[in-house]
Amino acid sequence: MMTEDLTATIETRERLESASRLSALGEMAGGIAHEINNPLAVITGFCERVRDRISKGLATLEDIDRDMTRVLSGVERISKIVNSMRSLAREPQNKEIRPMSLNKVLDEIRDLCWERFRSHGVAIEFQIDGEHIVLAEPTGLSQILINLLNNAQQAVSTAKEKRISLQVIPKNGDILEIHVKDSGSGVSSKISTRIFEPFFTTKEPGQGTGLGLSLSQAIAIRFGGQIRLLESVPGSGAHFVLKLRTGKM
Ligand SMILES: Nc1ncnc2c1ncn2[C@@H]1O[C@H](COP(=O)(O)OP(=O)(O)O)[C@@H](O)[C@H]1O
Ligand SMILES: [Mg+2]
């Protein structure tokens, strides 16, 4: 009986995790189309220019070489975006918690978010000094960070000043903190104790599922870490801290 209960709990948790992973992707879908459209426009532009020059007999090999280099870097950018999406959407095969590069995950996330944030007029700043190894599993860690950043973006969307920052702060005792701050309306003390509850949301249906923080917290705890909301100063935005254990490769 005990074992069955436990199995059911694990199954439920896995189903919820996968629902939340897909909903984080859904929240990003519009943005991702935008991320891909920009390099596509660049590629189209350079290809048209090359074709035009060739048809007028004006093309030099140097011109073509230069333009094709730009085309290739656009293609590379798209393929990076697609790969990041794929690694997020995929059911993680290996949920093993192991020492992994935090910088690599942050690079991927930056690729997924940068253009979308910029196009929404959001100034986003990543402050990461040095290389960091954390104990985690890459898909789960991306999911936590994307949930925090999606929440931050939704929070600043109606604010006059739209700022988000992500800062990595190593601490003593094999601990590292990732601070995600935004300039939105913050979390009122009335609901601050509830935001980690599953299905708690203050958003319109379709905008939020209320699963982001609860599942992110569950994943963080699985990593031996934790997410906390720092007490908000009235008038300033939300400030979340993800605490992780560091490791060695
Ligand atoms: N950065 C933030 N600024 C303001 N409120 C936030 C922020 N992040 C989370 N919240 C609050 O916590 C609630 C729960 O967040 P979450 O679990 O991600 O679910 P959802 O985003 O689907 O509502 C949100 O509905 C919102 O009220
Ligand atoms: Mg959310």
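1. Of the 249 residues in the protein chain, 27% count as buried. The model is a predicted one. Along its principal axes, the C-alpha trace of the protein chain spans about 75 × 45 × 40 Å. Among contacts in the protein chain with a separation of 6 or more, 73% are between residues 24 or more positions apart.

2. The protein chain holds five helices and seven strands. Read from the N terminus, the order of these elements is α-α-β-α-β-β-α-β-β-α-β-β.

3. Five strands make up an open sheet with mixed pairing, in the order β2-β4-β5-β7-β6. The edges are β2 (123–127) and β6 (226–229); each has a single partner strand, so one side of each has no neighbour in the sheet. From one strand to the next the twist averages 15°.

4. Strands β5 (residues 175–182) and β7 (residues 239–245) are antiparallel and share seven bridges. Within this pairing, Lys181 has His239 of β7 as its bridge partner, and Val180 stands opposite Phe240 of β7. On the β6 side, β7 is also antiparallel to its partner, with four bridges joining β6 to β7. Arg228 is the bridge partner of Val241 in β7.

5. Which residues of β7 lie on its covered face, and which on its uncovered one? The covered face carries Phe240, Leu242 and Leu244. The uncovered face carries His239, Val241, Lys243 and Arg245. In a regular strand, side chains alternate between the two faces of the sheet.

6. Ile178 is a residue of strand β5. Is Ile178 buried or exposed? Ile178 counts as buried because 24 other C-beta atoms lie within 10 Å, and the cut-off for buried is 20 or more. Leaving out residues up to four places away in sequence, Ile178 touches Leu166, Val168 and Leu242. Gln167 is 11 residues from Ile178 along the chain, and the C-alpha atoms of the two are separated by 5.6 Å.

7. Helix α4 lies across β4, β5 and β7, and runs at about 20° to β5.

8. Helix α4 (residues 138–156) has 19 residues. From its first C-alpha to its last, α4 reaches 27 Å, close to the 27 Å expected at 1.5 Å a residue. The helix is mostly covered, with 16 of its 19 residues buried.

9. Which element gives the most to the shell around ligand 1? That is α4, with four residues. Both α4 and α5 (212–222) supply at least two residues of this shell. There are 21 residues around ligand 1, and Asn151, Thr201, Gly208, Gly212 and Leu213 come nearest. By type, the shell divides into eight nonpolar, 11 polar and two charged residues.

10. Asp174 is not a glycine, yet has a positive phi of about 55°. Asp174 sits in the loop between β4 and β5. It has 13 C-beta neighbours inside 10 Å and therefore counts as partly exposed.

11. Phe199 is the other: a residue other than glycine with a positive phi, near 70°. Phe199 is in the loop between β5 and α5. With 10 other C-beta atoms within 10 Å, Phe199 is exposed, because 12 or fewer is the cut-off for that class.

Methods
Residues numbered from 1 in each chain as written. Chains lettered and ligands numbered in written order. Predicted model: local features only at pLDDT ≥ 70, side-chain atom pairs only at ≥ 80, totals over all residues. Expected span 1.5 Å × (residues − 1). Near = placed C-beta within 6 Å. Nonpolar A, V, L, I, M, F, W, Y, C, P; charged D, E, K, R; others polar. Contact = placed C-beta atoms within 7 Å. Pairing = 2+ DSSP bridges. Axes fitted to C-alpha atoms, helices over the stretch in contact; angles between N-to-C directions.
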